[in-house]
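User: Please take a close look at the strand pairing here. Keep it to one connected account.

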Amino acid sequence: MVEPARLGAAAGQPSPLDTLPRIAARGAPAPADFAALVAAETPVVIKGLFDDWVALAAGRHSPGRLNAYLAGMDRGAAVPVMEAPARAGGRFTYRADMREFTFTKRSAPLRETLARIEGLIGQENAPTVAIQMLSLADALPEFIRQNPMLLLPAAVGPKLWLGGAVKTQTHNDRDHNLACVIAGRRRFILFPPDQAANLYIGPLDNPPPLSLVDPENPDFDRFPRFREALAAARVALLEPGDAIFIPKYWWHHVASLDPYNAMVNYWWGDTAKGIERPNDIFLAALLALKDLPPGERAYWRAMFDAHVFGDPGIASGHIPAALRGALGPMRPDERAMLRQQLLSAFQK
């Protein structure tokens with residue numbers, strides 16, 4: 001664990017966060033091996049996965065070379081741009097009231113934005129500007145042809161993240177994430193999903209929910225449980241050419257460590273629809289269970305622990321298999337019947 005007194009290193013110096021236990025690294029896997037990595041739900045750094053990318057060669061050369069490469073494929077579509085003033089120190093997070101963020105969002109032409117980002121390199125008291133979550137399939141489809149990702153289905157389209165020294169506050173995704181660094185260095189701090197209570201997550205209705213804690217300079221008086229989150233944290237320090245697999249729901253803080261950074265990522269795995277979307281069921285549980293009397297809450301906690309999160313053999317193994325219904329493995333027709341029953345109930 002990082003010692004609290006050592007946190008908050010001066011700018012330009014190595015961060016004590018770099019001394020956290022490292023996420024394991026390995027070479028590029030075959031598709032079948034990658035599927036096993038995903039099934040294991042454990043973060044991993046992957047080296048040599050996209051060494052043949054044209055974009056990587058351009059990014060390793062210079063910001064100007066990568067910008068020219070991207071601009072050469074530009075079809076004129078506007079791109080999503082985020083900007084934070086110099087006083088934010090590159091942090092993309094909440095403002096003090098948690099109603100707004102420290103950054104603004106707008107759409108702008110790609111070439112203009114690339115030129116602005118490059119022009120800000122080395123300037124003092126400059127804002128932080130970044131292209132965020134640009135769908136390359138829509139804006140730069142030629143990028144995908146020249147820089148293929150063979151581990152994932154073609155339907156999983158890449159997103160581009162490019163800009164200055166951005167620090168994205170701790171958050172998580174409902175998808176698996178494969179992030180590939182093509183320019184600059186990035187530090188990923190990962191926290192397991194079970195650390196939610198120790199990360200002091202902000203409002204759920206102002207997505208994406210972000211941690212209130214700055215891991216580079218945590219206020220332990222205000223956020224004492226963050227010490228426990230740090231004890232469970234892991235770090236990955238990525239160079240251009242490195243990738244990281246982050247399983248869905250793992251919390252992560254991402255710091256771009258150089259004045260110019262670029263990354264391509266892929267999200268997949270959030271395939272549930274309608275009544276089976278976990279996030280919607282979680283919100284329904286907040287509505288139905290959170291304000292019940294203590295005794296009723298205890299009952300439903302026990303039911304969830306036994307039948308949702310517990311060992312099904314212990315909870316319902318005494319019931320004949322043919323009579324377990326929703327407590328046992330369900331056939332497609334049984335799932336469809338239960339979905340219809342719930343939809344009818346929710347519409348009343």
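Predicted model: local features only at pLDDT ≥ 70, side-chain atom pairs only at ≥ 80, totals over all residues.

Analyst: Two strands pair if DSSP finds at least two bridges between them. Strands (E, at least two residues) and helices (H or I, at least four) are DSSP runs numbered from the N terminus. Numbering starts from 1 along each chain as its sequence is written, and side-chain values use heavy atoms, leaving out hydrogens and water.

Start with the sheet of five strands. It is open, with mixed pairing and the order β4-β8-β13-β10-β11. Its edges are β4 (91-92) and β11 (234-238), each pairing on one side only. Inside, β10 (186-191) and β13 (251-256) run antiparallel, joined by six bridges. There R186 faces S256 of β13.

The other open sheet has nine strands, again with mixed pairing: β1-β2-β12-β9-β14-β7-β6-β3-β5. β1 (25-27) and β5 (104-109) are the edges, each with pairing on one side only. β9 (176-183) pairs antiparallel with β14 (261-268) over seven bridges. L178 sits opposite Y266 in β14.

Helix α1 (31-40) packs on this sheet, in contact (heavy atoms within 4.5 Å) with β1, β2, β9, β12 and β14. Its direction makes about 45° with β12; axes are fitted to C-alpha atoms, for helices over the stretch in contact, and angles run from 0 to 180 degrees between N-to-C directions. Helix α3 (63-71) lies across β7, β9 and β14, at about 135° to β7.

Confidence: the chain's mean pLDDT is 93, with 96% of residues at 70 or more. Residues 1-11 stay under 50.

How values were computed: pLDDT = per-residue confidence, 0-100.
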